[in-house]
Amino acid sequence: MNIIRTVRSVAFSSIPNRTLSTTRSLSTPSAQYTAFEVNDKTGIATLTLNRPPVNSLNLELLTEMRNCLKDAETNKCKGLIITSSSNSVFTAGLDLLEMYQPQDERVKSFWTALQSMWMELYGSKIPTAAAINGHAPAGGCLIATACEYRVMLPNFTIGLNETLIGIVAPKWFVSAFLNVVPRRVAEQAITQGKLFTTAEAHNVGLVDDVVNTKEEAIAKCEQFIGSFKNVNPYARALTKQQFRIKELQELEQQREKDLQIFLGLIMQPSVQKAMGIYLEGLKKKSKKQ
Ligand SMILES: CCCCC/C=C\C/C=C\C/C=C/C(=O)SCCNC(=O)CCNC(=O)[C@H](O)C(C)(C)COP(=O)(O)OP(=O)(O)OC[C@H]1O[C@@H](n2cnc3c(N)ncnc32)[C@H](O)[C@@H]1OP(=O)(O)O
């Protein structure tokens, strides 16, 4: 892959207890919806989702996320932090327009890219952390739970709300959720399509910490990644793999079947109708604001 390296100075003087540092921006020429930077001092990479207005995950954004993750691993970064350029939305989850009245080849590529992105993030060798600085419904929650650590800003929402749209959270969405939330809480919440407030999410373990600003959230993620500084990275990666291999193998072996189930479900006229009504509701709400 053709990686452009630019060196960009970032003054951290406004942030207390931090020495001046630099970040390298590594970005592919085609990067449109993401910013990817590596802090030269800490070796930690930050992937910022930047697809206004709500960072909905379309094929291109998913592909860029995969490229960033690959860059972070190839460049032997100490860890990866995922955050958003928006002040109110981490990501609104999957781009509903990819699934509503879709084109056959595009929707297949879209779902396949989502599967790959999730497997690569969930199984990443390097420590991963989500600085959730906005709402994180459905696919947003999927990204957060694929990471090893989550910190969230107050008064936002997170959860798997698929049933409210008339769709179903696939098993692999649920499996990562179950890593952090007790089974009983998860079953009730996911069947109800419940979105947890930040405080509720913290209470059930869906997020590890709550802080007031994005800067504090990034610092918490850095602290989490830094906690592995005396741990052998190879031993760490293999240990992480032991915890996550079952879900990864399950999806890898069932990829084609998972795709066919997804297509079968979203192409049902009743599901298309429900999605259309949901989208219409979002648009009406957006116009009122
Ligand atoms: C066993 C069998 C298993 C088979 C599995 C099969 C199928 C499962 C398939 C998929 C799983 C699905 C996962 C998903 O992620 S679906 C997406 C779920 N996301 C949501 O429900 C969030 C919807 N959005 C919101 O609630 C709000 O937008 C927000 C995130 C809270 C932000 O609110 P805000 O007020 O800031 O923004 P607006 O609501 O005004 O939105 C602005 C603008 O964006 C459009 N938009 C919002 N979300 C999406 C989205 N997810 N996709 C596409 N577009 C979105 C919204 O319509 C507005 O558009 P406009 O043109 O009016 O400006």
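Pro53 sits in the loop between β4 (44–49) and α1. Helices (H or I, at least four residues) and strands (E, at least two) are DSSP runs numbered from the N terminus. The peptide bond from Pro52 to Pro53 is cis, with omega near 5 degrees. Ala138 is not a glycine, yet its phi is positive, at about 45 degrees.

The model is predicted: local features require pLDDT of at least 70, side-chain atom pairs count only at pLDDT 80 or more, and totals for chains, interfaces and linings use all residues. Residues are numbered from 1 along each chain as its sequence is written, and side-chain values use heavy atoms, with hydrogens and water left out.

A backbone N or O atom of Leu94 lies 2.8 Å from a ligand oxygen atom. For Leu96, a backbone N or O atom lies 2.9 Å from a ligand nitrogen atom. Lys283 places a polar side-chain atom 2.9 Å from an oxygen atom of the ligand. Taken alone, the ligand exposes 1200 Å², of which the protein buries 81%. These accessible areas come from the Shrake-Rupley method with a 1.4 Å probe; for residues, only the protein chains shown count as cover.

Pockets and cavities were searched on a 1 Å grid over the protein atoms alone. In a cavity, a 1.4 Å probe fits but cannot get out; a pocket is an open set of points with protein on both sides within 12 Å along at least five of seven lines; lining residues have an atom within 4 Å of a point. Points are joined across faces, edges and corners, and a volume is the space filled by probe spheres set on them.

The second largest pocket has a volume of about 780 Å³. Its lining has 27 residues, and Cys77, Lys125, Ile126, Pro127 and Pro233 are the closest to its centre. Both α9 (214–226) and α10 (233–253) supply at least two lining residues. The largest share, nine residues, belongs to α10. The lining comprises 13 nonpolar, seven polar and seven charged residues.

The whole structure has two cavities of 30 Å³ or more. The second largest cavity has a volume of about 40 Å³. Its lining is formed by Leu47, Met65, Arg66, Leu69, Leu80, Ile82, Met117 and Leu121. Two or more of these residues come from each of α1 (59–74), β5 (79–84) and α3. The largest share, three residues, comes from α1. Seven lining residues are nonpolar, none is polar and one is charged.

Nine aromatic pairs are found in the whole structure. Rings of Phe, Tyr and Trp (its six-membered ring) pair if their centres lie within 6.5 Å; planes under 30 degrees apart count as stacked, over 60 as edge-to-face and the rest as tilted. Trp118 and Tyr122 are stacked, at 4.6 Å centre to centre and 15 degrees between the planes. Both lie in α3 (residues 104–122), four residues apart, about one turn of the helix.

Terms used: Ala, Val, Leu, Ile, Met, Phe, Trp, Tyr, Cys and Pro count as nonpolar, Asp, Glu, Lys and Arg as charged, and the others, Gly among them, as polar. A polar contact is a pair of N or O atoms within 3.5 Å; within protein, one must be able to donate a hydrogen and the other to accept it, and residues adjacent in sequence count only if both atoms are side-chain atoms.
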